[in-house]
Amino acid sequence: MSRKVFSFVTLVLVAALLVVSCGGPAPTEAPTEEPEEAPPEAPAAPGGELEIFSWWTAGGEAEGLEAMLEIFQGQYPDVEIINATVAGGAGVDARAVLATRMQGGDPPGSFQVHAGHELIDTYVVADQMEPVTFLYEEEGWLDVYPPDLIDILSYEGDVWSVPVNIHRANVLWYNTAVFEENGLEPPGTMEEFFEVAEALEAVGVIPLSLGESWTEVHLFETVLLGTLGPDAYAGLWTGATDWGSAEVKEALDNFDRTLDYVNEDYAALSWDQATQLVIDGTAAMNIMGDWAEGYFKAQGWTPGVEFGWAPSPGSGGSFDALSDSFGLPKGAPNRDAVVAWLKVCGSKEGQDAFNPIKGSIPAHTGADRSLYDEYLQSALDDFAQDAIVPSLMHGAAASPSWQQDVIDAVGLFVGSRDVDAFQDALSAAAGM
Ligand code: GAL
């Protein structure tokens with residue numbers, strides 16, 4: 001059990017896998033009686049328009065999506081793809097647009113959605129999705145995706161979306177030239193981080209780049225993980241860890257101290273603009289999910305050359321995980337084309353085209369490791385051996401309303417820097 005106990009911890013629906021294997025809608029059966037005439041024709045290949053909705057607009061992620069769309073287009077040349085994007089990292093803006101469309105009965109063909117609470121609590125319980133269990137059965141996916149991932153994509157005996165990747169949230173990225181010039185090593189612990197940050201500040205380099213609101217929450221969850229460790233961090237989302245405890249207070253103090261070392265204009269920057277500060281050498285470090293790797297590479301940087309990485313301070317041995325997936329909305333226009341798209345999303349070929357560019361590891365365990373660069377191979381290794389914990393900011397750990405309460409609390413805190421009030425707000429958000 002050990003590391004799997006807190007794997008994607010909150011939505012473990014114990015019956016799911018078992019029921020899934022016998023409960024989904026059966027694939028269309030061939031008629032039992034032979035027709036008298038000629039054998040049935042093969043189903044027509046899908047055509048028409050297919051709208052794919054996502055928030056992948058930044059360097060790396062946009063190209064990754066493009067690569068997967070090309071695979072689709074190669075297989076289904078008669079389908080006209082509408083690549084519908086709403087900019088805004090972590091989907092903060094896209095999700096609002098999508099919610100309005102779903103409620104108004106105007107779903108896109110398929111849309112990007114985080115595995116876990118974001119998928120289930122938002123769209124599945126609202127009866128806005130079709131189960132895709134039949135695809136898992138037809139394509140043999142029940143055997144090729146990590147069981148814990150299938151768990152959090154499942155609800156009431158069905159699977160509800162197709163994962164395209166696994167991202168790691170707790171990564172510290174750094175500019176190797178700045179570190180070398182100043183004789184620095186990437187920090188392993190929170191204390192080492194503060195020492196490195198002091199040294200950088202002394203030479204006039206911004207220690208840590210930060211961006212808009214959601215990136216603050218992203219940073220916050222990595223500091224929680226780095227201070228509390230994987231068990232207590234995971235316990236925050238199950239009720240096992242007391243938000244009012246001294247250990248959480250220590251994490252909040254660490255977050256408070258960390259904020260002393262960020263760029264002043266953080267609130268005005270998108271995640272990729274914050275990452276860009278590291279490329280410019282204005283800042284030395286950035287804590288961001290590994291889509292930042294895709295961004296670095298899209299700007300011509302090579303992993304292990306111009307940029308290095310380490311687990312965010314204190315979080316070595318833990319993998320703060322999230323997964324992007326695509327689903328089948330009820331009433332989706334051109335359902336046949338959507339099903340064809342989902343098959344590409346779930347395939348080894350689709351994932352091997354997408355993930356090496358996106359900066360994520362494949363959810364499909366049969367993927368070709370040799371296509372993945374040095375960083376991504378290290379992430380594959382870490383995912384196989386680390387304690388896996390769920391990301392809050394990226395939809396896995398907590399319900400959307402709890403997540404929003406934490407976002408609000410962090411927003412207030414970065415202004416007030418009142419740790420006690422912050423802890424009270426977080427405890428209240430957890431119902432403690
Ligand atoms: C995450 C998403 C990633 C990436 C990132 C920045 O929520 O899972 O795929 O898009 O936001 O936008």
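Reader: How many Å separate the centres of domain 1 and domain 2?

Author: Over C-alpha atoms, the two centres are 27 Å apart. This is a predicted model: local features need pLDDT of at least 70, side-chain atom pairs need 80 or more, and totals for chains, interfaces and linings use all residues. Residues are numbered from 1 along each chain as its sequence is written.

Reader: What makes up domain 1 and domain 2?

Author: Domain 1 is 2-23 + 46-167 + 321-388, and domain 2 is 171-315 + 399-429. The bounds come from an automatic or database domain assignment. Their contact takes 26 residues from domain 1 and 24 residues from domain 2. Contact means C-beta atoms, placed from the backbone, within 7 Å.

Reader: Which elements give two or more residues to the side of domain 1 that touches domain 2?

Author: They are α3 (61-75), α5 (117-124), α15 and α16 (374-385). The largest share, 4 residues, comes from α5. Helices here are DSSP runs (H or I, at least four residues), numbered from the N terminus.

Reader: Where does Asn355 lie?

Author: Asn355 is in helix α15, residues 348-358. Leaving out residues up to four places away in sequence, Asn355 touches Asn165, Ser360, Ile361 and Pro362.

Reader: Why is Asn355 called buried?

Author: Buried means 20 or more other C-beta atoms within 10 Å of the residue's own, with C-beta atoms placed from the backbone. Asn355 has 26, so Asn355 is buried.

Reader: How far apart are Asn355 and Glu61?

Author: In sequence, 294 residues; in space, 9.0 Å from C-alpha to C-alpha.

Terms used: Buried ≥ 20, exposed ≤ 12 C-beta atoms within 10 Å, placed from the backbone. Contact = placed C-beta atoms within 7 Å.
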